[in-house]
Amino acid sequence: MNGFGAANLFGMKHHILSAALVVTLSACGGQFSNPFEGLGAQSEPPIDEPLNDVDGTDLPTSAEPSVVEVGAGGQSAASLDKTTEAEKEAATAAPAGGSVLGKTVASLGDPTEQGFWLRTPLVSAETQGSVETAGGAVVQVKLIPIDGPATAGSRISLAAMRALDLGLTDLATLTVSKS
């Protein structure tokens, strides 16, 4: 039969039905709405426009830092800091002088470890000292040695960070002095 058997007619039937379906559905163009339209998608801001000024308003600024939750239980920094007012006053009293050991970049140490301390590679033995921020805030701390070169970073206590008015996520450059 020169290639016109029942199998060929069956295959042609599928091609004709597929073509009819495509033509039918293409005639529906514009009748159905976009299912993703109106789901709250926002357009991207222009590249040359600052992010805080995209909608014409500036981001709010607060004079007081927001509450930062730390730890697995979501405790605030104030609830973890158990130092008394007398301890805070003693730590922030003017230091009696001392020799400058160097500068270090400090981050928050263990927030559950109480007291005023700095773990730093700038000392080889535990001693009393003080740290000073670039803004001039000073607090007396216990200097605790850690391994590493003198250029390595340090870890500071939660109480000392709060007394220096530093943010909990700050990487503060501190001048370290030995009493």
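## Helices and strands

The protein has four helices and eight strands. Helices (H or I, at least four residues) and strands (E, at least two) are DSSP runs, numbered from the N terminus. Read from the N terminus, the elements go α-β-β-α-α-β-β-β-β-β-α-β.

This is a predicted model: local features need pLDDT of at least 70, side-chain atom pairs count only at pLDDT 80 or more, and totals for chains, interfaces and linings use all residues. Residues are numbered from 1 along each chain as its sequence is written, and side-chain values use heavy atoms, with hydrogens and water left out.

## Burial and contacts overall

How much of the protein is buried? Of its 179 residues, 23% are buried. Buried means under 20% relative accessible area, exposed means over 50%, and partly exposed lies in between (1.4 Å probe, protein chains only).

A contact means heavy atoms within 4.5 Å. Take the contacts between residues at least 6 apart in sequence: 70% of them join residues at least 24 apart.

## How the strands pair

Two strands pair if DSSP finds at least two bridges between them. Strand E3 covers residues 99-108 and pairs with E8 in the antiparallel sense, over seven bridges. Here lysine 103 stands opposite threonine 175 in E8. E3 also pairs with strand E7 (residues 154-156). These two run parallel and share three bridges. In this pair, leucine 108 stands opposite isoleucine 156 in E7.

Strand E6 has partners too. Strand E4 (residues 117-120) runs parallel to E6, with four bridges. Threonine 120 has proline 145 in E6 as its bridge partner. Strand E5 (residues 127-132) runs antiparallel to E6, with six bridges. E5 and E6 form a hairpin with five residues between them. In the turn, glycine 136 has a positive phi of about 100°.

Leucine 174 is found in strand E8, which spans residues 172-178. Is leucine 174 buried or exposed? Leucine 174 counts as buried because its relative accessible area is 0%. Leaving out residues up to four places away in sequence, leucine 174 touches Gly102, Lys103, Thr104, Ala106, Val131, Glu132, Thr133, Ile156, Leu164 and Leu166. Leucine 174 and alanine 137 are 37 residues apart in sequence, and their C-alpha atoms are 9.8 Å apart in space.

A nonpolar core is a set of buried Ala, Val, Leu, Ile, Met, Phe, Trp, Tyr and Cys residues joined through side-chain atoms within 4.5 Å. The largest one here has 18 residues. Which of them touch the most other members? They are Leu118, Val131, Val139, Val141, Ile156, Leu164 and Leu174. Strand E6 (138-145), helix H4 (158-163) and E8 are the elements that give two or more residues to this core. In soluble globular proteins, nonpolar side chains tend to be buried together.

## Two buried serines

Serine 154 sits in strand E7. Its relative accessible area is 2%, so serine 154 is buried. The side chains of serine 154 and threonine 120 are joined by a polar contact of 2.9 Å. A polar contact is a pair of N or O atoms within 3.5 Å; within protein, one must be able to donate a hydrogen and the other to accept it, and residues adjacent in sequence count only if both atoms are side-chain atoms. Setting aside neighbours within four places in sequence, the contacts of serine 154 include Thr104, Ala106, Leu118 and Pro121.

Serine 177 lies in strand E8. Serine 177 counts as buried because its relative accessibility is 13%. With neighbours within four places in sequence left aside, serine 177 is in contact with Ser99, Val100, Leu101, Gly129, Ser130 and Leu143.

## A charge over a ring

Arginine 119 lies over the face of tryptophan 117, at 5.1 Å from the ring centre. A charge sits over a ring if NZ of Lys or CZ of Arg is within 6 Å of the ring centre and within 35 degrees of the ring normal.

## Aspartate 165

Where is aspartate 165? Aspartate 165 is in the loop between H4 and E8. At 68% relative accessibility, aspartate 165 is exposed. Its phi is near 60°, a positive value in a residue other than glycine. Most residues other than glycine have a negative phi, and most peptide bonds are trans.
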